[in-house]
Amino acid sequence: PPPPSRRRRRSSARAVTYVVLILAVVATLIPFVWMLLGSVKTERELLQRPPTWWPETFTWGNFDAWFGRLQIQTFFVNSVVVALFTVLGTLLFCSMVGYALAKLDFPGKRVLFVLVLLTLMVPGVVTFIPLFVVVSKLGMVSTYPALILPFLAGPLGVFLMRQFIGEIPDALIEAARIDGAGEVRIFTRIVLPLCGPALATLAILTFLGSWNNFLWPLVVAQTEDMYTLPVALSLYSVGQNSTNYGVLLAGSVLVITPVLLLFVALQRYFIQGIALTGVK
């Protein structure tokens, strides 16, 4: 066994580590707690100095404004439709491209994978204007396809799926080919069922990006009936002369809640997917 002095140093280091981690968790949670408590405060209390943590008077008026006057149901449905189809399309196309890059042999395979890696380095702002011009020329402004199609088969998803599918034993796929299975059957019956952690990870990342996307829907959704939640949150929480902080915080709670629920439901697969992707 290690000497007592070494055990004491290990215990002290472990205690310091726990204290640092606890402080980091508290610092991370403080903004969320403030947002949640502020959503049930009156506007007067939110603006008073010094600020209060616990609400003096609970009010649901901020949430009533979203469900009543602002009709958040329309914006919520838009966000759900856009995020859902973006996630489904990304999972399908990224897994297909990842399977081709990982398990199929064809001319230009390495060059194509290098291009995928290079596109990871291109900022989205660079392609923003050309992408809008294409969408506008196709007559898709203020439509669901304009909000969904540009974000299918992103390079990050292709890279993630390619790395994960590359870990599937080649012998398993070769055995299926010997038995007469085609590539579509191999992909749907063998590869996809083994990609649960990677698909869950990609689903969370894609849903988070789509759900919180603000700039593209702000430009493309030019009619009120196509606004998503982040756009509505930005436009309707600001009045003519000032910001309604209560409505803003209540809207923030409504926007972030589905993301937290999704992460809690899939966190085991998310951590597993991140840990296994790219491990040789």
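1. Let's start with the second largest pocket: its lining has 12 nonpolar residues, no polar ones and no charged ones. Its volume is about 160 Å³. Phe-76, Val-80, Trp-211, Pro-258 and Leu-262 are among the residues that line it.

2. Keep in mind that you are looking at a predicted model. The mean pLDDT is 85, and 92% of the residues reach 70 or more. Confidence is lowest in helix H14 (residues 245–276), with a mean of 78, and highest in helix H7 (residues 144–148), at 93.

3. Which helices each supply at least two residues of the lining of the second largest pocket? They are H4, H11 and H14, and H4 gives the most, with 6 residues.

4. Now turn to the largest pocket, which has a volume of about 1,000 Å³. Its lining counts 35 residues, and Gly-124, Pro-150, Phe-151, Gly-154 and Pro-155 lie nearest the centre. By class, that lining has 22 nonpolar and 13 polar residues, with no charged ones.

5. Helices H4, H6, H8, H11 and H12 each supply at least two residues of the largest pocket's lining. The largest share, 6 residues, comes from H11.

6. Finally, the annotation: an unreviewed UniProt entry places transmembrane regions at six spans, including 147–165 and 245–266. In the model, residues 245–266 are 100% helix, with end C-alpha atoms 32 Å apart. Residues 147–165 are 68% helix and 0% strand, and their end C-alpha atoms are 29 Å apart.

Methods
Residues are numbered from 1 along each chain as its sequence is written. This is a predicted model: local features need pLDDT of at least 70, side-chain atom pairs count only at pLDDT 80 or more; totals for chains, interfaces and linings use all residues. Side-chain values use heavy atoms; hydrogens and water are left out. pLDDT is the predictor's confidence in each residue, from 0 to 100. Helices (H or I, at least four residues) and strands (E, at least two) are DSSP runs, numbered from the N terminus. UniProt positions are given in the numbering used here, feature names are shortened, and annotations may be inferred rather than shown by experiment. On a 1 Å grid over the protein atoms alone, a cavity is a set of points where a 1.4 Å probe fits but cannot get out, and a pocket is an open set with protein on both sides within 12 Å along at least five of seven lines; lining residues have an atom within 4 Å of a point. Grid points are joined across faces, edges and corners, and a volume is the space filled by probe spheres set on the points. Ala, Val, Leu, Ile, Met, Phe, Trp, Tyr, Cys and Pro count as nonpolar, Asp, Glu, Lys and Arg as charged, and the others, Gly among them, as polar.
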